[in-house]
Amino acid sequence: MRRAVFPGSFDPITLGHYDIIERGLTLFDEIILAIGVNAEKKYMFSLEQRKQFIEEAFINESKIKVMTYRGLTVDFCKRQNAQFILRGLRNPGDFEFEKAIAHTNRKMSEIETVFLLTSSGKSYISSSIVRDVIRNGGDVSELVPDTVRVK
């Protein structure tokens, strides 16, 4: 079984994430959407909300599991018997950042990182932009799955 972990804070999940996940489903038998927990970070949405947004977005997809974890992503991958880490790239800056992490992960384990380029129509979307739009009362309906409801 080809199992991949797609790690992130998903605060919140965006259509850019969704794009990578949908396309990743054609490459892997199972994708674990792994919500990392970082005590140092201030989140807009609670862990439970973020998990619920993702679970509802993929409710009919049997190849998706949603889990949370603390610590190193490679350690989580080993515990889940995942051979791959799935990451999305929006721009050259993402590539440079993700490349350094991928090299480090590879040095620490046998886990391969697979990069997918975000579709051009979604490459501008980031969780930080979504959070800023939400904070300022804007409409995020074109940026996030329908399951991300902001009241």
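Strands β2 and β3 (residues 64-69) pair in the parallel sense over 6 bridges, where pairing takes at least two DSSP bridges between two strands. Strands (E, at least two residues) and helices (H or I, at least four) are DSSP runs, numbered from the N terminus. Before going on, please note that this is a predicted model: local features need pLDDT of at least 70, side-chain atom pairs count only at pLDDT 80 or more, and totals for chains, interfaces and linings use all residues. Residues are numbered from 1 along each chain as its sequence is written, and side-chain values use heavy atoms, with hydrogens and water left out.

**Strand β2 and its partners**

Let us stay with β2. To get from β1 to β2 the chain passes through helix α1 (residues 15-24), in a right-handed β-α-β crossover. Right-handed here means that, with the strands pointing away from the viewer, the path from the first strand over the helix to the second runs clockwise. Another right-handed β-α-β unit is made by β2, helix α2 (residues 47-57) and β3.

How many residues of strand β2 are buried? The count is 7 of the 7 in residues 30-36, so the strand is largely enclosed by the rest of the structure. Buried means under 20% relative accessible area, exposed over 50%, and partly exposed in between (1.4 Å probe, protein chains only). Glu30, Ile32, Ala34 and Gly36 point one way from β2, while Ile31, Leu33 and Ile35 point the other way.

**Strands β4 and β5**

Strand β4 (84-89) is joined to β5 (residues 112-117) by 6 bridges, and the two run parallel. Leu86 in this pairing stands opposite Val114 of β5. Together with α4, these strands make a right-handed β-α-β unit. Helix α4 (residues 92-108) also holds Lys99, which is partly exposed at a relative accessible area of 31%.

**Aromatic pairs**

The whole structure has 6 aromatic pairs, meaning Phe, Tyr or Trp rings (the six-membered ring for Trp) with centres within 6.5 Å; planes under 30 degrees apart count as stacked, over 60 as edge-to-face and the rest as tilted. Among them are these two:

| Pair | Centre to centre | Angle between planes | Class |
|---|---|---|---|
| Tyr18 and Phe58 | 4.8 Å | 20° | stacked |
| Tyr69 and Phe76 | 4.7 Å | 25° | stacked |

Tyr18 in α1 and Phe58 in the loop between α2 and β3 are 40 residues apart, so their pair links distant parts of the chain. Tyr18 is partly exposed at 22%, whereas Phe58 is buried at 7% relative accessibility. Tyr69 and Phe76 are both buried.

**The largest pocket**

The largest pocket has a volume of about 1000 Å³. On a 1 Å grid over the protein atoms alone, a pocket is an open set of points where a 1.4 Å probe fits, with protein on both sides within 12 Å along at least five of seven lines; lining residues have an atom within 4 Å of a point. Of the 40 lining residues, Pro7, Gly8, Ser9, Arg87 and Glu98 are the closest to the centre. Helix α4 gives the largest share of the lining, 8 residues. By class, the lining has 15 nonpolar, 17 polar and 8 charged residues, with Gly counted as polar.

Key
Grid points are joined across faces, edges and corners, and a volume is the space filled by probe spheres set on the points.
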